[in-house]
Structure formats: C-alpha cells, structure tokens
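Student: I would like to learn how to read the features of a protein model one at a time. Please begin with a single residue and its contacts.

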Amino acid sequence: MPTQYKFQPDYVVPPGETLKETLEMLGLSQADLAVRTGLAEKTVSQIVNGLAPITYDTAEKLEFVTGVPASFWNRRELTYREGLFRQVEKSRLVDDVEWLKSIPVDEIVSRGFIAATDDKVELVRRVLKFFGVSSVASWHNTWSKPAAQYRGGNAQQRHPGYVAAWLRMGELQASKIDCEAFDAREFRRVLHEIRGLTLNSASEWRPRLRDLCGQAGVCFVLTKEISRA
C-alpha cells in the first residue's frame with residue numbers, strides 16, 4: 001500500500017481570493033456585490049484583499065448572492081485563520097527545537113505515542129501534545145516537579161525530561177483503565193490482599209492487582225523503564 005502524506009502547505013490563501021474568482025465567474029464587480037449584500041464597498045474590498053474576515057452573517061449574504069453555501073465560506077475563513085496561526089506558531093516553536101535534546105524522543109516514538117517526522121518544528125508540536133501542554137514554558141511548570149514518589153536515585157534532578165516522559169506514558173496508560181471513584185478505606189482494605197499476592201507468579205498477581213486497585217479507585221499500570229529515568 002502506498003504511503004499517504006497529509007498535505008500541509010507552508011502558505012495560506014485568504015478566502016477573499018476565492019471570492020474574487022467567484023465574482024469574476026459570475027460577471028459581478030465588487031461594487032455589485034456590495035449593493036446585493038448591503039455591505040459597504042470598503043468592507044467588500046477588505047474581504048477580497050484578506051484584510052477583513054468573513055463573518056457568519058457575511059457568509060449567509062454571500063450564499064444568497066453567489067449561490068455558494070455559507071458553510072463553504074465559513075470553512076474557508078476558518079482554514080485561513082488556522083493557517084495564519086500555524087505560521088505564527090511555527091516561528092515560535094523554532095526556538096524550542098533545542099529542548100527536544102532533553103526529551104527521549106526516540107523512545108516516545110518507538111513505543112507508538114507519537115509518529116516520527118523529520119520536521120523538527122512539527123516534532124516539537126507532537127511532543128508537546130504527548131505531554132498535554134501547549135508550550136515548553138508550560139512543560140516546565142507542569143513536569144519539572146511532578147507529583148510522584150521515587151524509589152532511590154536522583155534521575156529527576158539529572159534527567160527531568162526522561163523521568164517526565166516515563167511518568168506521562170504511565171499516565172496515558174492509566175487513562176485507558178476504567179475504575180471506581182477513589183475510596184481510601186477500600187484501598188486500605190485491599191492492600192492486605194495485595195500483600196498476599198506477592199507469593200504468586202507475575203501472571204497471577206498482575207491482573208488480580210489491577211482489579212483490586214480498580215475497585216478502590218486506583219489505576220495500576222506497569223510502564224517499561226526508560227534509560228536515564
């Protein structure tokens with residue numbers, strides 16, 4: 001099966017260009033459109049030149065005059081605005097590429113949490129989405145001091161990005177588990193049974209431990225270790 005690539009152009013075309021082509025096809029001038037829609041000629045000119053947005057009200061009026069559905073004009077406007085935002089975002093994320101060196105990106109990719117890409121800026125976006133944050137600054141505020149209990153070592157101080165990735169993997173695993181609301185009394189009760197499970201083989205205690213914890217509102221997951229974490 002051939003590889004499919006998502007088309008993501010590095011340019012954006014304002015909906016006004018499409019409107020201009022539509023008017024030419026219909027043999028209408030911008031002045032004609034202004035009269036037929038009740039819009040000011042200046043407003044029409046600004047829309048055609050990408051200086052003013054197509055509002056929902058304007059889209060409805062364009063449908064009446066051009067016969068092109070309002071939903072089409074609304075989608076064109078939304079796509080254009082998203083494209084403008086992506087360009088601004090890309091410029092911002094260029095400065096964050098260096099941050100990737102502190103994150104075990106290859107491990108995150110190999111475990112299937114994000115797709116690989118040679119575009120470093122796009123990779124920053126995917127890693128940020130993996131961590132559930134919108135910027136590197138937000139990542140530091142959220143993950144530099146995670147609420148976690150560690151057993152020995154000082155990996156958190158030496159390689160915080162690696163520890164954060166490992167914890168996030170466990171968090172994403174846990175999000176897929178259905179369990180009851182947390183009940184501290186029930187959890188204390190099941191702990192006594194859990195201790196007894198340590199005498200059994202892993203194939204026996206793992207599913208039972210997951211079920212017992214789930215009854216008490218605790219998600220139990222085992223996340224394979226990450227080097228440096």
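Tutor: Contact means heavy atoms within 4.5 Å. By that criterion, and not counting residues up to four places away in sequence, serine 134 touches Arg92 and Leu128. Please note that this is a predicted model, in which local features need pLDDT of at least 70 and side-chain atom pairs count only at pLDDT 80 or more, whereas totals for chains, interfaces and linings use all residues. Residues are numbered from 1 along each chain as its sequence is written, and side-chain values use heavy atoms, with hydrogens and water left out.

Student: Where does serine 134 lie? Is serine 134 buried or exposed?

Tutor: Helices (H or I, at least four residues) and strands (E, at least two) are DSSP runs, numbered from the N terminus. Serine 134 belongs to the loop between α7 and α8. For accessibility, buried means under 20% relative accessible area, exposed over 50%, and partly exposed in between (1.4 Å probe, protein chains only). Serine 134 counts as exposed because its relative accessibility is 55%. From its C-alpha to that of aspartate 211, 77 residues apart in sequence, the separation is 34 Å.

Student: How many helices and strands does the protein chain have?

Tutor: There are 12 helices and zero strands in the protein chain.

Student: Which residues have the most contacts inside the largest nonpolar core?

Tutor: A nonpolar core is a set of buried Ala, Val, Leu, Ile, Met, Phe, Trp, Tyr and Cys residues joined through side-chain atoms within 4.5 Å. The largest one here has 23 residues, and those with the most contacts inside it are Trp99, Ile103, Val127, Phe131 and Trp139. Two or more residues of this core come from each of α6 (105-110), α7 (120-131), α8 (136-143) and α10 (160-174). The most is given by α7, with seven residues. Apart from this core lies another, of 16 residues, including Leu23, Leu39, Ile47 and Val48.

Student: What is tryptophan 139 in contact with, leaving aside its neighbours within four places in sequence?

Tutor: The contacts of tryptophan 139 are Trp99, Ile103, Phe131, Val133, Ser144, Pro160, Gly161 and Ala164.

Student: Is glutamate 77 buried or exposed?

Tutor: Glutamate 77 is buried, since its relative accessible area is 7%. Its place is in helix α5 (residues 70-94). With residues up to four places away in sequence not counted, glutamate 77 touches Pro15, Pro53 and Ile54.

Student: Is arginine 195 buried or exposed?

Tutor: With a relative accessibility of 53%, arginine 195 counts as exposed. Arginine 195 is found in helix α11 (residues 184-197). Its C-alpha is 9.7 Å from that of leucine 209, 14 residues apart in sequence.

Student: What is the relative accessible area of valine 94?

Tutor: Valine 94 has a relative accessible area of 44% and is therefore partly exposed. Valine 94 has its place in helix α5. The C-alpha atoms of valine 94 and glycine 27, 67 residues apart along the chain, are separated by 45 Å.
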